[in-house]
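Please examine the sequence and the model shown here before reading on. The paragraphs that follow lead through helix packing, a loop and a pocket.

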Amino acid sequence: MGLAALIVYVTLGRRRIDYRFVLIGAVLPDLAAAWPGSHSLVVVALLALVAMVLPLREKRLALFGLPVGWLLHLVGDGMWDYPRVFLWPAFGADVPVHPEPYSWDLVADPLAHLSTWGAELAGLLLLAWFWVAFGLGHQGRARLFLKDGYLRPWDGPGDTVGADNP
């Protein structure tokens, strides 16, 4: 989630982007992992198509954050190393199962998975940076973010944006 938010922020900035959908899209591939096709590029394309065609004009950009977050999750997983999964169905109709990075082995033998723990820690630190940089812990700013998903500039503890907008 942290890396997806950072990539979107660095490339698109604070424009009227609904970061809620980017963050949700960044975790959905693992939540939908029961279906092996969830780590396929075709799913991202279908989500993007639905986000562009179905909603009203005002909601298109917000909903488009879902496939963007989903795609950034696949990039973070390095799915190009598993082309049968990433490019499904290009290599056949059978949906291949990609190796799951998350298992009880992460907890049972954490030293064998330092890169995974390091990546998760980096993502958590990025989310903490967003929390601090945009003052989400002050004067109802987190509640306002949850309401519209917009990252508002923050000028420090005296900034009252969000205080009057519960």
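Ala, Val, Leu, Ile, Met, Phe, Trp, Tyr, Cys and Pro count as nonpolar, Asp, Glu, Lys and Arg as charged, and the others, Gly among them, as polar. The model is predicted, so local features need pLDDT of at least 70 and side-chain atom pairs count only at pLDDT 80 or more, while totals for chains, interfaces and linings use all residues. Residues are numbered from 1 along each chain as its sequence is written, and side-chain values use heavy atoms, with hydrogens and water left out.

We begin with the second largest pocket. A pocket is an open set of points on a 1 Å grid over the protein atoms alone, where a 1.4 Å probe fits, with protein on both sides within 12 Å along at least five of seven lines; lining residues have an atom within 4 Å of a point. The volume of the second largest pocket, about 210 Å³, is the space filled by probe spheres set on the points. Its lining has 13 residues, and Leu-23, Leu-127, Trp-131, Leu-136 and Phe-145 lie nearest the centre. Two or more lining residues come from each of helix H2 (19–31), helix H7 (114–133) and helix H8 (141–148); helices are DSSP runs of H or I with at least four residues, numbered from the N terminus. H7 gives the most, with four residues. By class, the lining has 13 nonpolar, no polar and no charged residues.

H2 also packs against other helices. The axes of H2 and helix H4 (residues 57–76) are 6 Å apart, at an angle of about 45 degrees; axes are lines fitted to C-alpha atoms over the stretch in contact, and angles run from 0 to 180 degrees between N-to-C directions.

Ala-4, Ala-5, Val-8 and Tyr-9 of H1 touch Tyr-19, Val-22, Leu-23 and Ala-26 of H2.

Between H1 and H2 lies a loop that holds Arg-16. Arg-16 and Leu-61 are 45 residues apart in sequence, yet 8.2 Å apart in space, C-alpha to C-alpha.

Methods:
Contact = heavy atoms within 4.5 Å.
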